[in-house]
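Work through the exercises below with the sequence and the model side by side. Try each task before reading its solution.

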Amino acid sequence: MTEVLVYVDHVDGAVRKPTLELLALARRLGDPVALALGSGAQDTAVALAEHGAVRVLVADAPEFADYLVVPKVDALRAAYERVSPAAVLMLSSGEGNEIAARLALRIGSGIVTGAIDVRPGDDGLVATQSAFAAAFTLTSRVTKGAPVITVKPNSAAAEAAPAAGAVEPLAVTFGESATGTRVTARTARESTGRPELTEAAIVVSGGRGVGDAGNFHIVEALADSLGAAVGASRAAVDAGWYPHSHQVGQTGKSVSPQLYIANGISGAIQHRAGMRTSKTIVAVNKDPDAPIFDLADFGVVGDLFQVIPQLTEEINARKG
């Protein structure tokens, strides 16, 4: 059976959920072969094997942590030459898209970024993307070489599918450009105890209707009752009510959770571009003509300061 190379996103051996989703997609296409780089790479093997990786290629070197992007591309090129995969899958992110583009150029293949689905087709792999502020859905097929595809989080369900997961060391030769850009410092992200926004299965967002920064606690309380991430509209971020790192939209982050709850958000086109691919959308807004209701699966016309606390209370009661 053909093999599909999956680039592993992990933190010191802890595999992040989007990688497990990539393995689920890879199993549709062939036998997944995972590539884990850097500190803790070998520790990823158990989780990867549980989710279908038949082999796990590992490599660790200071270059992966000390320099940006290029050492990882060198490793992916080495893995590609060793595996000769039918496709290469990786997470769609700022770094992931850059690595994918550099790899595609080196191996002379086509690239698809920001896919929300990947399936086998009659003439090769077919990737599905959303385009033009998520107003259109399109399908793409790479016509030259093994396709390099980056996939958005929450595009597939992570499913257990035990496989051998044999660990194999990968020898990597770094090129001259690998040490071109050095990482001089790192600042740890402050933990909120909530899921990462782009990876969360549930996102609860607040917009201009929240009123001010002091009122965002009701949005956070609802999110915490659901085990959700907190998002914000551009209007709320520009007003200084919530950090830019939580902005959902065309100029913020794109999310595709199972459930998206928009509170006090009118539904401007730039916001819809960042959440339109959510599986289920619930909107709470006192304006019955708000554009968000055109997109929502369920809508509540009402005062969010009354609706959200009641919803939070009901959820906590059912949990209790």
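Buried means under 20% relative accessible area, exposed over 50%, and partly exposed in between (1.4 Å probe, protein chains only). Helices (H or I, at least four residues) and strands (E, at least two) are DSSP runs numbered from the N terminus. The model is predicted: local features need pLDDT of at least 70, side-chain atom pairs count only at pLDDT 80 or more, and totals for chains, interfaces and linings use all residues. Residues are numbered from 1 along each chain as its sequence is written, and side-chain values use heavy atoms, with hydrogens and water left out.

**Exercise 1.** State how many of the 13 residues of H1 are buried, and what follows for the helix.

Solution. Go through the helix and list its buried residues: Pro18, Thr19, Leu20, Glu21, Leu22, Leu23, Ala24, Leu25, Ala26 and Leu29. That makes ten of 13, so H1 is largely enclosed by the rest of the structure. Next, look at what H1 lies across: strands E1 (3–7), E4 (31–37), E6 (87–91), E7 (111–121), E8 and E10 (148–151). Its angle to E7 is about 40 degrees, taken between N-to-C directions on a scale from 0 to 180 degrees, with axes fitted to C-alpha atoms, for helices over the stretch in contact.

**Exercise 2.** Find which residues have the most contacts inside the largest nonpolar core.

Solution. A nonpolar core is a set of buried Ala, Val, Leu, Ile, Met, Phe, Trp, Tyr and Cys residues joined through side-chain atoms within 4.5 Å. The largest one has 29 residues, and Leu48, Leu89, Ile149 and Val151 have the most contacts inside it. Helix H1 (residues 17–29) gives the most to this core, with six residues. Now take Leu89: beyond its neighbours within four places in sequence, its contacts (heavy atoms within 4.5 Å) include Val4, Tyr7, Leu22, Leu25 and Ile149. A second, separate core of 27 residues includes Leu57, Val88, Val148 and Leu170.

**Exercise 3.** Identify which strands stand at the edges of the nine-strand sheet.

Solution. Write down the order of the open, mixed sheet: E9-E8-E7-E10-E6-E1-E4-E5-E11. Two strands pair if DSSP finds at least two bridges between them. E9 (136–140) and E11 (166–169) each have a single partner strand, so one side of each is left without a neighbour in the sheet. Neighbouring strands are turned by 35 degrees against each other on average, direction ignored.
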